[in-house]
Every structure is written in structure tokens, then in C-alpha cells.
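The report below takes up side-chain contacts and pockets in turn. Please read it beside the sequence and the coordinates.

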Amino acid sequence: MSTNDTIINFKNIYVNYGMTTVLEKINLQIKKDENWVILGANGSGKSTLLKLFSHDLYPNTQYDFTKEIFGKDRWDIFELKKHLGIISNSLQSQFSGFSSSTNAYDVVMSGYYSSLGVYKHHSFTPEQLKKADEVMEFLEISKLKDKKFSQMSSGEQRRCLIGRSLIHNPQAFILDEPTTGLDIKAQYCFINTLRKISKTSGIILVTHDVSEIFPEITHAALIHNKTIYKQGRKEDILTGENLSEIFEVDIDLEQDNDRYYIKSVK
């Protein structure tokens, strides 16, 4: 596989915190024309793997390894954010605590500077302003333009954060448990937004919830015992038997209209 065709190319990656190994023998290749779900129980290592994706963490091991993102093993983290949109609950919390006066438009525009909000010294070209308007229209959040971030629902906030990343037309998005805390309607709207984005950008969904897996997801990787337990086409990987193994409980997994749900747990 050519690294020019990949988003993620990890081989033999180990991560230790002190003397404790939290990830081991991580081998994962994600192509640009694929949409993935990374599925695992709480505490399985999903958050650490996410930090490897975002370049906030680097392997600390004596073993030889490969860690490439878009074919490169070294990135300026601000430059990487132009290619890889990362939407996490921690980013949402940062914006929530930043300023009570920050509105939706400021959140989207802050993507140009990778900042929390817009500052007086920031300047924008007419083309950049037009792009922000187009992004908000695409995400159907134009009506939120002047609404304060602190007054939005969680679903509205997350769509604004997606808009912040879309400013750069990223090649892929990584989303960390994106529907946590959303009600049924907000979950439905947010998943539809992801389905829309998946037509032009790759999606890597990191979650423990099978209900977040939408039809455009093509591949799955299961994390268990600090490593990738299994990976491949979702129809081969997302089975009751495999999920029972990684969640350590007897799971009856079903599908309806190309969506997954857990019928029973024993």
C-alpha cells in the first residue's frame, strides 16, 4: 500500500506511561477512500490511540515502528489540523469555558487560526469570510450565526466545531464519541451531518457505542487488551461474537436499515 493513499499507517506501535504499557503492537492502516469505526470498551486504549492520531502523543518504545499520517512521520501540529479535523468532547469543553460572548460564527472563523475564538488582531480576507458562510450553510447552522456558544445545545456546539474544521477542507475527520450527551433528535441530526461529510472527507469514528455506526462506515477496528484485536471490512468484524469478546459480556448484535443495535446483553 502506498503511503500516499493512506490517512493512517501505524506499524508495531507501543505506548508506555512510566512502566505501564497502555498500547502494544498497534498495526493499523486506513486508506483515504475508507470510513472507519474504532470500537472498544471504556479503558481499552481508545483515548490514547486518538492522541496518536492527533500527534499529541508519540510512541515511547525501544522497538522499531512506523507512525505515518498522510504519508509523513513528522508534522507541525497546526499544519496537521488543516488536513485532519478532530472533534472531541475536550475541545467542546474548552470552548464552553473560554468566553460567554463567543458566537457560532466566531467558532467557525477561529479555524483559520486554530484558536479559541476570534481576537482583535485576527484579520480575514473576503474569500475566507465567504468560505465560512458556505460552511455554515452546508452544515445548516447559518441560523446560529449570532447565537452564543454557551447558549447552544450540545448538538449545535458540535456542528459548529465541525464547521471550524471544515474551513480547511480536511481530508479526514476523527470524532471521539460524538453523540455522547445528545438526545435522540440531536443524535439523528448529528449522524446525518457526518453522513453528509463522509461523501467528501474520510471519517474515523472512535466510540464504544454501536448505534453511532452509520451506513457509510466501511471498516472497523476493535481494541481489546491494549491492542487491535481485529480489523477489516465492517461486515466481517462487527459480529456479536467479536463484540462479546472485547466487551467481555454476551452480546446479541443485530442490524436494521444498515444500522447496528444491541438486541440483548447477557
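Which side chain meets that of E79 in a salt bridge? The partner is K82, with 3.6 Å from N to O, where a salt bridge is a side-chain nitrogen of Lys or Arg within 4 Å of a carboxyl oxygen of Asp or Glu. This is a predicted model, in which local features need pLDDT of at least 70 and side-chain atom pairs count only at pLDDT 80 or more, while totals for chains, interfaces and linings use all residues. Residues are numbered from 1 along each chain as its sequence is written, and side-chain values use heavy atoms, with hydrogens and water left out.

## Salt bridges

The structure holds seven salt bridges, and three of them are set out in the table.

| Pair | N to O distance |
|---|---|
| E79 and K82 | 3.6 Å |
| R195 and E216 | 2.8 Å |
| R233 and E235 | 3.5 Å |

E79 and K82 both lie in helix α2, three residues apart, which is about one turn of the helix; helices (H or I, at least four residues) and strands (E, at least two) are DSSP runs, numbered from the N terminus. E79 is partly exposed at 33% relative accessibility, and K82 is partly exposed with a relative accessible area of 36%; on this scale buried means under 20% relative accessible area, exposed over 50%, and partly exposed in between (1.4 Å probe, protein chains only).

The side chains of R195 and E216 also meet in a salt bridge, at 2.8 Å from N to O. R195 belongs to helix α7, whereas E216 is in the loop between β7 (202-207) and β8 (219-224), so the pair ties together parts that are 21 residues apart in sequence. The relative accessible area of R195 is 28%, and R195 is therefore partly exposed. In the pair formed by R233 and E235, E235 is partly exposed at 46% relative accessibility, and R233 is likewise partly exposed, at 39%.

## Aromatic rings and charges over them

A pair of aromatic rings is described by the distance of the centres and the angle of the planes. Rings of Phe, Tyr and Trp (its six-membered ring) pair if their centres lie within 6.5 Å, and planes under 30 degrees apart count as stacked, over 60 as edge-to-face and the rest as tilted. By this rule there are seven aromatic pairs. One of them joins Y58 and F65 in an edge-to-face arrangement, with 5.8 Å centre to centre and 70 degrees between the planes. Y58 is partly exposed, with a relative accessible area of 31%, and F65 is partly exposed, with 28%.

The pair of F95 and F149 is tilted, with 5.7 Å centre to centre and 50 degrees between the planes. F95 lies in helix α3 (residues 89-98) and F149 in the loop between α5 (126-138) and α6 (154-166), so this contact ties together parts that are 54 residues apart in sequence. F95 counts as buried at 1% relative accessibility, and F149 is buried, with a relative accessible area of 1%. Elsewhere, Y112, Y113 and F124 form one aromatic cluster.

Two lysines are placed over rings, a charge being counted as over a ring if NZ of Lys or CZ of Arg is within 6 Å of the ring centre and within 35 degrees of the ring normal. The charged end of K72 sits over the ring of W75, 4.0 Å from its centre, and K196 lies over the face of F138, at 4.5 Å from the ring centre.

## Pockets

On a 1 Å grid over the protein atoms alone, a pocket is an open set of points where a 1.4 Å probe fits, with protein on both sides within 12 Å along at least five of seven lines, and lining residues have an atom within 4 Å of a point.

The largest pocket has a volume of about 620 Å³, and of the 26 residues that line this pocket, D56, K81, I86, S88 and L91 lie nearest its centre. The largest share of this lining, five residues, comes from α2.

The second largest pocket has a volume of about 240 Å³. Its lining has 13 residues, of which Q187, Y188, I191, S211 and R259 are the closest to the centre. Two or more lining residues come from each of α7 (184-197) and β11 (259-265), and α7 gives the most, with six residues.

Note on methods: Points joined across faces, edges and corners; volume = space filled by probe spheres on them.
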